[in-house]
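Please read these points with the coordinates open.

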Amino acid sequence: MTMRFGARGAPVSMGALVLLWVLALVTGSVWRQSEYVVRHFAVGIVPFEHWRIWTPLSAGLWAPTLFGYLGATVLIFFVAAPIERKIGSTRFAIAAVSTQILGALLGLGLAVAAKLFDESWGFRLHVGTALGPTTWIVGVAMVASSRMDTLWRRRIRVGLIALLLTLFLFGGHLQDVIRLAAAFVGLVLGPWIVGRSSRGKVTTGTRREGRVLVAIIVAASALGPALAALSPNAIGPFAVLRELFRGIAYTTEEVRDICDATPGSLDCRRGELELRLGGVGPTILSLMPSLFLLVVSDGLRRGRRFAWFAAVAGQVLLLAMSLLNYVNRFVGADESDWVFYDFESATAYRTIVPFLTPLAVLVVLGATRRFFDVRAPRGTYTRLAAVMAALTAGLAAIYVLGGLAARNAFDHTPTLSGLLADFPERLIPPVYLQWLDPRFLPDGAVATFLYEWTGVAFWLVASVLVLGTFLVPAYGAETDATGRARELLRRSGGTALSWMTTWRGNRYWFAADGASFVAYRVVGGVAITTGDPVGPRDRLRDNVVAFAEFASSSGWSLCYYSVSVELKEIADDLGWGAIQVAEETVLDLTKLAFTGKRFQDVRTSINRAKKSGVEAEWTTFHTAPIEIRDQIVAISEEWVADKGMPEMGFTLGGLDEVDDVEVRCLIAVDADRHVHGVTSWLPVYRDGVVVGWTLDFMRRRSDGFRPTMEFLIASAALLLKDEGAEFVSLSGAPLAKVGDAASQDALPAPDALTGALDRLLEVLGAALEPVYGFRSLLAFKSKFQPDYVPMYMVFADPAALPSIGNAIGRAYLPEVSLGQGMKLVRTIIDR
């Protein structure tokens, strides 16, 4: 079926695949590399010097080995053919031919330039040749990325370029150079061949996506040395790092004979080092730091703070090792005492190169530090430290007792103190032990097992344990306090927005009786609350006053934000000021019926969805199938890209807030399981029971079913009514209100500062409308004929209003860059 589908939908790809295998069988290159094919059809500098100018094209029609042909077959089926079906056969053919030829020519130019800064590498590139269809496959993938959605365009480009750069820097063969060149050619030609995405050139992404991209970069840096080690003929500028894994199989007797004859000589020390590096155990142990960094990369993907510190520590260690190598070679050290890198010509360039990778990764980690703020629950890493200590002690006991039992299986009989002193060295990748002379070497099966595999066991278990800490649920920077707040919220209930108090970034004040709490964040010396205090409503006034005293004692100005009319009335009694900042829209489900002319648009959306085969389906982001989650992420990234500004936070949730087991998602899906839109619904508790739901996250696919949002909100209301819910809140739209005096409580005449801030918020709401559309959102919700409930900002000190206004802006947009700020200003001016 796959072959029939590929043949019908991708004739160029399938034709290239047939031609590839026919030429392989005719020339016999499928079983072994054909000298005839290499001489006449492989691309390289020497073939060009002999006027074989057709080789940039012909090189893409053969592969170097059987594995190359099999790999090309897989790539054509699962990469090239889908791309051809997406962009069309004509454009695919143009992209394949142009990136193959231009990529080969650019790659040859880079190979010529390589001799200018690395004569050895440049010479090998000069005499090397390249074969393989991966050049044009990579090229068409980069071409096609120009028309992809923002999420996948960014991921494919970052992931593919990271992989190709790794192969280029560590493998360094001519084929690696040409593949990388073809990728850049594809990037340049993509807009000309397939056009640009309808979203335009956008780079703005969410914090969640930033974590994924950083994780990809760290993972690539970890895999690079391992890939070089697996390529025995690696010649790239960073191939020097393969010495971290590779050793020559000396026997213990050979080394001991050399050391007995010439103790302390370079040959003796090199033999001892290569004994440490040789064998399966030492090779695997040398790979363990890379495995650990891959685990850390998963933690970075999840936004874990510990993973960021672990990644930084790992890169600092690698940087220190590289710099130490450089100092020992070129700052007065005797080169004969140095056996870390075994190159015939040790140049400053080859020695300094290894520190470039960790330095670059450190720069990336430093620039993205704000992405990684997710902490595990309190005690997680205390328990990890205890388990690691127990693991270390257990392995030490096994090594020492086993070593004593098998002491005759070492070249020198070890003592108890000697085994204890040697144990820490067994946990360190062997290449880092070059400065230390071994106390003894194994000369038997049991001794070899203990000597080589103790460290492997340590790193494997440590990696599993650290991965386990990343899987522990975490709600925010104060995870334990958040858990306590959730329990109180379920027990006592709150307003329609109270579930937002559990979001990341909030801090918590708990009342003396432990029955109430206030969620707040401090920005610029201002304590801004997330809604009303949560707890018994008859304690509302006491909690309002108590938290105000707490804020005052901490030296903070106070702002109760997005609070209810009830709290605003308490503020009036206390003589505080208040400004309306939003309008909450509520649907009473007990009397909901989408009948009559007023609900014509809503009924139309439901009917159109039925005709189009679009259905509403409940799920949670946490438990949804991966293909559904990926589509939700892609839709969200497109939405953010549309704005050209980062997602707003504070009382506006994103994917991090959706990824909660208690938050329900209603998605619009068609018969092919394509997600057209998604909404998220926050629970509203009263006395331990969910009585309502609050709309938060709303995203729609740009090219999907158009009335998706009307359909999803109407469907949610009807489905939740059937479940027995009393109401749904469509949430509030910040800086937007209906403007109907009848819908608002009469406010006292504002003082000058309050009136000025009110006017400023009015102007700001109008200015932000083209970017975030809060007023349009409020108008959209009016289709459902909701009840309007005003939401207020309450403050005790009018003199603090300028700092309060600044704090609220920074709470909603904490990560806006200078460029994005200028773009926002231009949007306001243009308006």
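**Notes on the predicted model**

1. In β9, E617 has I667 as its bridge partner. Strand β8 (residues 615–619) pairs with β9 in the antiparallel sense over five bridges; two strands pair if DSSP finds at least two bridges between them. Helices (H or I, at least four residues) and strands (E, at least two) are DSSP runs, numbered from the N terminus.

2. This is a predicted model, in which local features need pLDDT of at least 70 and side-chain atom pairs count only at pLDDT 80 or more, while totals for chains, interfaces and linings use all residues. Residues are numbered from 1 along each chain as its sequence is written, and side-chain values use heavy atoms, with hydrogens and water left out.

3. Six bridges join β9 to the antiparallel strand β10 (residues 675–686), with V669 opposite V675. The two strands form a hairpin with five residues between them, and R673 in the turn has a positive phi of about 65°.

4. Six of the six residues of β9 (residues 664–669) are buried, that is, under 20% relative accessible area with a 1.4 Å probe, protein chains only. R664, L666 and A668 point one way; C665, I667 and V669 point the other. In a regular strand, side chains alternate between the two faces of the sheet.

5. In α31, L801, I804, A807, I808, A811 and Y812 are buried. They line one face of the helix, because seen down its axis they fall within an arc of 130°, taken from the directions from the helix axis to the C-beta atoms.

6. Helix α21 has a kink of about 40° centred on W453, the bend being the angle between axes fitted to the seven residues ending there and the seven starting there.

How values were computed. Buried means under 20% relative accessible area, exposed over 50%, partly exposed in between (1.4 Å probe, protein chains only).
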